[in-house]
Amino acid sequence: MKSVTVWVDGNTSVEVIEPKDSRAVHLTVDGKLIRTTPGKSLLEAVWNRPGIGNIPALCYHPIVQSYGACRLCTVEVEEQGRTRFVASCLYPAKEGLVVRTDTDRVRQLRKGVLELLLARCPEVKVIQDLAIEYGIEKPRFALGVQDCILCGLCVRTCRENIGRSAISLVNRGIFREVAAPFYAYELGDGCVGCGDCVYVCPTGALKLGPDGKPVLPKVHIPRPAAEGLLR
Amino acid sequence: MAAEMDSEKVQGILERHSERVNAIIDGYEGRKDLMISLLQDVQAEFNYVPRDAMVQISQRLDVPLSQVFSIATFFKAFNLTPRGRHLITVCDGTACHVRGGLRLIDKLDRDLGLTPGGTTEDGRFTLETVRCLGACALGPLMVIDGKYHGQMSSNKLDRTLRSYT
Amino acid sequence: MSIEQVDRLVDVAALERLRQSIIEKRNPFQLRLRICNGTGCLASGADEVTAAFEAELTRRGLSAEINLVKSGCHGFCEKGPLVVVEPQETFYQRVKPEHVPAIVAATLDGKIVEELLYVDPATGERILHEQEVPFYRGQTRLVFGSNGTIDPTQIEDYIAIGGYSALAKALTQMSTAEIIDEVKRSGLRGRGGGGFPTGVKWESCRRADGDIKYVVCNADEGDPGAYMDRSLLEGTPHAVLEGMIIGAHAIGAHEGYIYVRNEYPLAVSNARRAIEQAMAYGLLGKDILGSGFDFKVSINRGGGAFVCGESSALMASLEGQVGEPRAKYVHTVEKGLWDRPTCLNNVETWANVPLIINRGADWYNQIGTEKSKGTKIFSLVGKVNNTGLVEVPMGIPLRDIIFDIGGGILDGKKFKAVQTGGPSGGFIPESLLHLPVDFDRLTEAGSMMGSGAMIVMDEGTCMVNMAKFFIDFLEEESCGKCVPCREGIDRMGEVLERITTGKGRMEDLELLEALADTLRLGSLCALGSTAANPVLTSLRYFRDEYIAHVVDKKCPAGECQALIQYSIISEKCTGCMVCVRECPSHAVTGKRREPAVIDLAVCSKCGVCYDVCRFDAVKRA
Ligand SMILES: Cc1cc2nc3c(=O)[nH]c(=O)nc-3n(C[C@H](O)[C@H](O)[C@H](O)COP(=O)(O)O)c2cc1C
Ligand code: SF4
Ligand code: FES
Ligand code: FES
């Protein structure tokens, strides 16, 4: 048995006595030792602990599985003397890990990602706010007109929690979109109108339509071959 | 066009379609993991992946339609609309690019109004580009209906196309 | 022998007996015509040549006297269709159907068809045998060796040259630990790009928890410019299978997959046939060679996505899902296909295994450099005289490959750069041509070994345009899941477009570097994290070209359409009118026997006039 002082949130620390067979995992986040259960990701380990770590996250939501798309949650971890960047929403918490969530290098990387997001979605409030926090005035690229950042939260909740899979991510690369089969804008029987997708959408790109079903963002058709499908 | 055809005929075609799709699905013994191969066989059969085939696959394999659609739109191999009688594939891989693959594409556009992904108005050709066909030593390379034509030049292109009507 | 009739080989002795009986039946003095039926030669008409030989032999009633063998790729595809006459090993190139009667006649008379021999451009001499051709002389063909000599659709051909003896040895004379140890000591590193030590990977997979494990052969080969995996799988599918069976046995896997591009139909059908034949002989399936080890292999065709070459995306696609990579914080050797321990190796990696088992790690690790052992097959393409597949020992300088084997630059132009590693690799300038083929040295130079594409560029290639070409490629091929890659590559393309159209600013160069950092550190998979390499290396070694585009608004190589102009050199123009007729925009005007004139206001810069002019009278600058 061994006694350790761990932080519950940014201001409160407690002393715990670890039983011999304890499976608890201890990690140091920005200098503070925290205690969590195995199987959690780094982001989950600091989730709901105000004052510990500074990790923005747009594609993470506790009700669905982590996906690792927005990369804003990237942090630095030190393991066996090696430092590297990892997405904290996916990286498993491991005993003795040293995590830094707010170093200059991490901030620089997030700034780069945010500049790309802001250029894609200049009108989205959460992105604008984060951009200001990370010191971006104006993206150095041509501005886009989208609101959707393709975090896939809507798709994931529809599949994992509602069990419908009425919508999915279609196409690849820069043409990727959230869409219903055959690029239909109006959702058919697949959708039960639960509104979960609208609820989890971090940017407000999905809105509820009059029939209680979401209104999907307009799709960019990637190749001529797909055009016929819309007719 | 379809609307002008009499509806019985259309119905007949659709049924025969769905039999062919069913036969392909039967060959896969319900294995969802072989979805990509299955779609490939459907495409080989019809020259494209018809919408109804996707619905049928989704129902018979019990995979959400949205997932079938995701796969069909993710992979470049799949076409969602019918193609021309002959498929021209021009390689725009690095080696062919360095040796002038793009010129062939330009020429097809100039002569036939054919752009990548498009089909000529008379339904004679569909053009696709591919990033490397793996016969780089013969660049620029072009494949028509599965037959390789290496070291293509503008003149050779004219000659070659003539034999495909 | 048709597949249905063969007896299962119940043990190693039965395999040896079969081998002896095949060899005995073969007459070493038998006349054989080996026609290359690889994809390259087929593209040049090998099928017609083969048919012509068949018809000619039938016509002359010689089908019994002369055997026809349809072999795999010899590597010198550019000179195809290739035909080799055995036992003399006479090497004919660029064979057309009309040459067939002459070849048959000469072969019967013990003569040679002179005009079909390869002529060494340096000496002007005709060369009789394949190995004496400069292209082959500098090569060390270990893995690729039997590719052009056997019929890939006949397992008996492979068995006759010692095939499956490594498997027999591994199953009966070695413990699984010894197999892994042998592979580890050989120093074999993955040929798929990353260069991860193969033995170490096998060992981790063997140790990983789980009763069910898989081995996978990565034949997705999406690198534009690379085609050695295709040729291997087409030409020596049994070597790949043998490697997989040995690996599966060592790891404890009973199921394997070959994930192959659907654009490779011949590789698919040859591999499929190889599996059927190996099953029939009991070299695959239950109780292989009486050892009690069971293993089966199936083939899965890819759907045309470069990203599916990435291990986790490949596995997703094997499961029947969209080919999206996932984070590999838990390695695929522990949780791969269906979350089970999975060992994925490249085609060429697998094909190295029988060699190592047969000849031993100590023989193998003599070849190459300290940390890169064995040989590597490259596809040497681009602006080089001899293009094709070359297998060289690790450690050979790049210069030797390009200038000795490759015979230097096309049309006597000047070398500018060689690109290795495909879209994840980079450009290597002339000043670094002394670099040896070595995983770590190429990485230090900002490029990488990659899967083996080696694309040579000459002075007429614009490096900014080339960097843009790779970025365009990746923009289409990014899966689109993560922000840095999907958005970052797109924005790199935007910046490069600006530069190549003369709208660039000096800040853009820094912007490219900043984007590169975001990509490298922020991307989910290696497609994104290496995507900037072509841009970074071109910036590093050819910065002056970027500056020329940005500051002088000029493209020194004359490739960037927006920055060039076409004009007629009136002294050279003969007034033949070809350009006047061919110009699609009707921008060229002129009369017979008078110099033509290009109206720049109408010119669309398509370059047709430049291409069609036979008198070098069109200037591009
Ligand atoms: C975008 C991307 C594409 C890849 N494409 C291929 C490929 O076509 N063939 C291949 O063998 N490896 C490819 N790889 C490397 C594989 O992920 C993997 O490392 C390799 O197949 C492992 O086999 P090896 O250890 O034998 O090299 C690719 C990697 C990335 C990131
Ligand atoms: S790096 Fe590119 S290819 Fe890899 S997961 Fe991200 S978007 Fe997909
Ligand atoms: S929250 Fe981790 S990548 Fe988006
Ligand atoms: S295909 Fe014949 S030499 Fe390559």
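**A tour from ring faces to the A–C interface**

Select Arg230(C) and Tyr264(C): the arginine sits over the face of the tyrosine, 4.3 Å from the ring centre (a charge counts as over a ring if NZ of Lys or CZ of Arg is within 6 Å of the ring centre and within 35 degrees of the ring normal). This is a predicted model, in which local features need pLDDT of at least 70 and side-chain atom pairs pLDDT 80 or more, while totals for chains, interfaces and linings use all residues. Residues are numbered from 1 along each chain as written, chains are lettered from A and ligands numbered from 1 in written order, and side-chain values use heavy atoms, without hydrogens and water.

Next, select Arg172(A). Arg172(A) lies over the face of Phe74(B), at 5.8 Å from the ring centre. Arg172(A) also forms a salt bridge with Glu477(C), with the closest N and O atoms 3.0 Å apart (side-chain nitrogen of Lys or Arg within 4 Å of a carboxyl oxygen of Asp or Glu).

Now show chains A and C together. The interface of chain C and chain A has three salt bridges. Here 30 residues of chain C are in contact with 28 residues of chain A (heavy atoms within 4.5 Å). The two chains bury about 2,600 Å² between them, 60% of it on carbon and sulfur atoms (accessible area, 1.4 Å probe, lost on being put together and summed over both). Colour Tyr329(C), Arg486(C) and Arg491(C): these supply 26% of the area that chain C buries against chain A, more than any other three residues.

Finish at ligand 2. Of the 13 residues around ligand 2, Cys479(C), Lys481(C), Cys482(C), Cys485(C) and Cys525(C) come nearest (a residue is near if a heavy atom lies within 4 Å).
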